[in-house]
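Subject: Handing over a structure

Hello,

I am passing this structure on to you, and I hope you enjoy looking through it. Please have a look first, and then read on for what was found.

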Amino acid sequence: MEQKMIEMQGLTKHYGSKIAVNGLNLSINKGEIFGLLGPNGAGKTTTILMLLGLTEPTAGRAFIEGIDCTRNPVAVKSIAGYMPDNIGFYPDMTGRQNLRFTGRLNGIGEEVIEERIERLLVRVGMKEYGDQKTGTYSKGMKQRLGIADVLMKDPRVIIMDEPTLGIDPEGMRELLTLMRELASEDGRTLLISSHQLYQIQQICDRVGIFVNGRLIACGKIAELGRQVNQEGADLDEIYRLYFEKAGQSDENNRNKK
Ligand SMILES: Nc1ncnc2c1ncn2[C@@H]1O[C@H](COP(=O)(O)OP(=O)(O)OP(=O)(O)O)[C@@H](O)[C@H]1O
């Protein structure tokens, strides 16, 4: 049987009278890459914050590897790594120094830290830039170092917020390949929040379309296409059709190829 790594049961968050996340039910299996897609304000960040135990749900529950994210955020933090959309490295420190800092913050032993830094810099293709200050890095380099950073604590679940924003095409291919390998080779589970449908459809096993705090569609891209009579359509088109069905227009938010 598939192992559920992330589970949300009726997950709900109100901010005053505003319902940011509305009764979200979703399970993500081990080794799966799940894309959470939706316009600005759909509730993606709020969902991620609840999974990381950083904000309390108004109702419902979230679990990572069976651990309640609200009741035991410290245990969840040891399993799940988070890569925010704007990764903040110390610009005057080198890539290696930044990774060392993260390793120490996570209480990892010095020898393990050094071994991981070397291995991860190679893995993300940043070995030759490891001694360069991160303030000089391009967006793509920061993103690759961000993956090394999240891997420092060897998480079984990785949650990424808009990981592909602002990356050039060459960097994009490398980044997507790396993300794919994190799931297929390492067996890690990835939850990716994104607007960049074209990029995301290349690596996600399943996607969820999230609008106004609700999941209006969820499944493999081909299945979602069949449900709106658009077999073989790309995710961009499928997304648009679901959006129309939901009576919404997301033209301003969509980030086309
Ligand atoms: N701390 C807060 N207080 C009040 N309202 C909030 C708060 N955080 C989020 N919201 C509201 O909840 C809704 C969902 O926001 P959220 O940031 O989760 O969406 P999102 O899908 O991540 O959007 P984006 O891509 O812009 O980050 C929005 O209407 C937002 O204005």
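A residue is called buried if 20 or more other C-beta atoms lie within 10 Å of its own, exposed if 12 or fewer do, and partly exposed in between, with C-beta atoms placed from the backbone. By that rule, buried residues make up 40% of the 257 residues in the protein.

Two notes before the details. This is a predicted model, where local features need pLDDT of at least 70 and side-chain atom pairs count only at pLDDT 80 or more, while totals for chains, interfaces and linings use all residues. Residues are numbered from 1 along each chain as its sequence is written.

**Overall build**

The protein has nine helices and ten strands; helices (H or I, at least four residues) and strands (E, at least two) are DSSP runs, numbered from the N terminus. Along its principal axes, the C-alpha trace spans about 55 × 40 × 40 Å. The radius of gyration is 18 Å, which agrees with the value near 18 Å for a compact globule of 257 residues. That radius is taken over C-alpha atoms, and the globule rule is 2.2 Å times the number of residues to the power 0.38.

Two residues are in contact if their C-beta atoms, placed from the backbone, lie within 7 Å. Of the contacts between residues at least 6 apart in sequence, 68% join residues at least 24 apart.

**The core**

A nonpolar core here is a set of buried Ala, Val, Leu, Ile, Met, Phe, Trp, Tyr and Cys residues joined through C-beta atoms within 7 Å. The largest one has 64 residues, and Ile 64, Ala 148 and Leu 190 have the most contacts inside it. Helix H5 (residues 139-151) provides the largest share of this core, five residues.

Which residues does Ile 64 touch, leaving aside those up to four places away in sequence? They are Met 5, Ile 6, Leu 51, Cys 69, Val 76, Ile 79, Ala 80 and Val 157. One of these, Ile 79, lies in helix H2 (residues 73-79). Ile 79 is partly exposed, with 17 other C-beta atoms within 10 Å. Ile 79 and Val 157 are 78 residues apart in sequence, yet their C-alpha atoms are 6.2 Å apart in space.

Strands of a sheet pair through backbone hydrogen bonds, either parallel or antiparallel. Two strands are taken to pair if DSSP finds at least two bridges between them.

Strand E1 (residues 4-15) is joined to E2 by eight bridges, and Leu 11 stands opposite Leu 24 in E2. E1 and E2 form a hairpin with two residues between them, and Gly 16 in the turn has a positive phi of about 60°. E1 is also joined to strand E4 (residues 59-64), by five bridges. There, the bridge partner of Thr 12 is Ala 59.

A residue is near a molecule if its C-beta atom, placed from the backbone, lies within 6 Å of it. Around the ligand are Tyr 15, Lys 18, Ala 20, Gly 38, Asn 40, Gly 41, Ala 42, Gly 43, Lys 44, Thr 45 and Thr 46. Strand E2 (18-29) and helix H1 (44-51) are the elements that give two or more residues to this shell, and H1 gives the most, with three. The shell divides into three nonpolar, six polar and two charged residues. In that count, Ala, Val, Leu, Ile, Met, Phe, Trp, Tyr, Cys and Pro are nonpolar, Asp, Glu, Lys and Arg are charged, and the others, Gly among them, are polar.

**Two loop residues**

Glu 162 has a positive phi of about 45° although it is not a glycine. Glu 162 sits in the loop between strand E7 (157-161) and helix H6 (169-184). Asn 212, also not a glycine, has a positive phi near 50°. Its place is in the loop between strand E9 (206-211) and strand E10 (214-219).

Best wishes
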